[in-house]
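Here is a short briefing for anyone meeting this structure for the first time. Have a look at the model, then follow the notes below.

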Amino acid sequence: MYSLQKERVSRRRHHWGRLGDLPDLYLPAMPLLKEPVDLVVEGYSADTEIEHSGAYQEEVRETLGLKDGAPILLVSHHLSHLYSAFPPSPFERAAGMVIGTQGSRVRDFTERVELPPGTDGDLLEVGSFYHCTREGIECLAKQLWDGDWDRPAGLGCFSAQLTRMLWPESEGDEGKVMGLAPFGDPDALGLPDLDVRGHEVHIPDAWTEVFGRRDAFRYEPGGGAFRRAANLAAAGQRAFERALARLAAWLHDRTGLDALVFAGGTALNCSANGMLLRESPFREVFIPPSPHDGGTAVGCALYGLIACLGVDSRFRWTDDFLGPEPDESAIEAAVRSLPDGLYAERPDDLVGELTALLESGRVVGLHQGRSESGPRAHGNRAILADPRDGDLQDYINFEVKGREWFRPLAPLVLADHAERIFEVDGPTPLPQYAAVVRPEFRDLLPGITHVDGTARPQTADPVATPFLHALLTRWHERTGVPVLINTSLHGPGEPLTETPEHSIETLRTTGMHALAMPPYLIRKRDEPALPGA
C-alpha cells in the first residue's frame, strides 16, 4: 500500500486537490503509478469536485496506464473513511463511526442507508454509523445537515466552529484546541453540553451565539485574551468529549459489539480518543493513522480491492509508513550538494553519535525510510530530543516549528517500558490516544508531560521500528530513561517533510542542530546555542 498527500509535495499544509495534480505532482513522486491499472476509485465531497468529475476522469485516463475496460468509480465520502478504518483494523467485527465537518450529499451516496421518504438530496452527511464484519458493512444511521453555517449541526461542525473562534485565519487547526484546553476552566463561560439525540448532535443556541462573536475569543499568547481563549477551548473540549461519549454509547447499544473503529476529521482529537478508550462501553477502539480526509485515498483503494474486485485484502495498519519507496541515489545526491553552512559525516556508530548529541541537549532530526501517510510523526520524519529537559519544549516550539508555546510534544518509548511509565494496557505503535503519565514520572519527563499530566505515546519495537528501537535502547542504557521526545519533522507552517531536500532545508532554516539521514549525519558549521544556554 502506498499513500501520498499533495501537501507533502507542494509544501502547503492542507493543500486541496486540483486538476493537474496527478500528472504534475503525483506521477513524478510515485513511479508505481506508471504500472498498468485495473481500477481507479475516486472519492469526492466538495460540490466543485463532483461538478468537475468528468474532467478529473479524463485526466486519469490521459495520465495513467489503464488496462482496457478499466473502470473509474466514485465512492461517497464517509464510506471511504470507513474503508480506511475497518478493513485494515485488527477486528473481525466492529461498530463503525465516521464523524466529520461535511461529507457527500445524499444524492451522491454510494451506499445503502434507510432515510425518511422525501429526504432532500442536497443534504450533507456529518455523521455515519455502521455495523461491520468481514462479510459485509451495514450503514445503520446518518446525521444529515443542510450546509448552512448559520445553523451548524454535528460534532464535526462544532469542532470546526470552535477552532475558527480561536484561530480565525487558520485551516485544519482543530488539534490546537485539545492542547490549549487544559489551561482553561470549562465552567468559566457557563456554556452547556451539546444536545445529543440518539446518533445526532445538535448545537445549543448558547454555543451558536458564542460562534457569532467574531474575534471575542481570538487566541493570544498571554494575558486576559489567553485566559478567554483557554476557557473557551476547555468548555469546547469537554462538550466535544461528552457528546462523543454519548454517540459511542448509542452505537454500542445498537450493535452490541465490543470493538469500535472511528474515523473522520474528529478522530484526530487524541484527548477524546483516550477518553473513548478509557470510558466508553467498547472494550477495544481502533483509529487509523490518517482518520482525516488525507486518509480517504487508502479507503478508496481498499474499497476498490474488496468491494469492487473481490480481493481479500491482507493490509493491516501496523505502522504508517506508506510513502514512496526511499531512493538511495536521491539521498546520496542531496548529501553531495549540501547548502553552504552544512556538512555531512558517515559515523561508524550512527546510533551512538545520535545518543551523545541528544544527551548534550541538542535537537536532532531523523529522515529514514518511507514517509508517514498521516499528519503525525511515527519516527521516519521526526524531531528527537531529551524529554528530561523542560526547556526543550519551548525551544522546539519556538526555534524549530515556530508555533504556540503551549503545544505538547509526544513521547517515543520502548514497548517493554510503556506500561510502567504510562497508563496503557500494552504497546501503542500508532500514537492516536492521549494517556496519563504515571505521577512518579512526570517531574522526570517534563518535555513530554502536558499540563494535565497526559501524553500521546508511541511504542518502538525491534520489528516495526528497528532503528528507533536501537536508538532508544542505547539511550536507555546511557541515561536510564527509555523515552525520547518525538515530534513531526518540519519547519514553521509546513507539513511533514517528504524528500531528503525538504529535511535538509528544515535543518538549514530552523534551530535544529543536526539531521540523521542514515547512514549520514548532517550538521551545521555554526551551530545554534543550546537550549537554556
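About 730 Å³ of space lies in the second largest pocket of this predicted model. On a 1 Å grid over the protein atoms alone, a pocket is an open set of points with protein on both sides within 12 Å along at least five of seven lines, while a cavity is a set where a 1.4 Å probe fits but cannot get out; lining residues have an atom within 4 Å of a point. Grid points are joined across faces, edges and corners, and a volume is the space filled by probe spheres set on the points.

Residues are numbered from 1 along each chain as its sequence is written. Local features need pLDDT of at least 70 and side-chain atom pairs count only at pLDDT 80 or more, whereas totals for chains, interfaces and linings use all residues; side-chain values use heavy atoms, with hydrogens and water left out.

**The second largest pocket**
- Its lining has 28 residues, and Leu277, Val285, Pro427, Thr428 and Tyr433 lie nearest the centre.
- Two or more lining residues come from each of helix H10 (270–279), strand S9 (284–286) and strand S14 (435–436); helices (H or I, at least four residues) and strands (E, at least two) are DSSP runs, numbered from the N terminus.
- The lining of this pocket has 16 nonpolar, 6 polar and 6 charged residues, where Ala, Val, Leu, Ile, Met, Phe, Trp, Tyr, Cys and Pro count as nonpolar, Asp, Glu, Lys and Arg as charged, and the others, Gly among them, as polar.

**Cavities**
- The structure holds 3 cavities of 30 Å³ or more.
- The largest cavity has about 120 Å³ of space, and of its 14 lining residues Ser159, Glu174, Gly175, Phe240 and Asn269 are the closest to the centre.
- H7 gives the most to the lining of the largest cavity, with 4 residues; helix H6 (155–166), helix H7 (174–180) and helix H9 (223–255) each supply at least two.
- By class, the lining of the largest cavity divides into 5 nonpolar, 8 polar and 1 charged.
- The second largest cavity has a volume of about 50 Å³, and its lining includes Thr318, His378 and Gln458.

**The sheet**
- An open sheet is formed by 5 strands in the order S5-S4-S3-S8-S9, with mixed pairing; two strands pair if DSSP finds at least two bridges between them.
- Strand S5 (136–145) and S9 stand at the edges with a single partner strand each, so one side of each has no neighbour in the sheet.
- From one strand to the next, the twist averages 20°.
- Strand S3 (residues 93–99) and strand S8 (residues 259–263) pair in the parallel sense over 4 bridges, and Gly96 has Val261 in S8 as its bridge partner.
- H10 packs on the sheet, touching S3, S8 and S9, and its direction makes about 170° with that of S8; contact means heavy atoms within 4.5 Å.

**Helix pairs**
- H5 and helix H11 (residues 296–308) pack at an angle of about 85°, with axes 7 Å apart; axes are lines fitted to C-alpha atoms, for helices over the stretch in contact, and angles run from 0 to 180 degrees between N-to-C directions.
- That makes H5 roughly perpendicular to H11 (angles under 35 degrees count as roughly parallel, over 145 as roughly antiparallel, 65 to 115 as roughly perpendicular and the rest as oblique).
- The axes of helix H2 (residues 21–29) and helix H4 (residues 53–63) come within 10 Å and cross at roughly 50°, which makes H2 oblique to H4.
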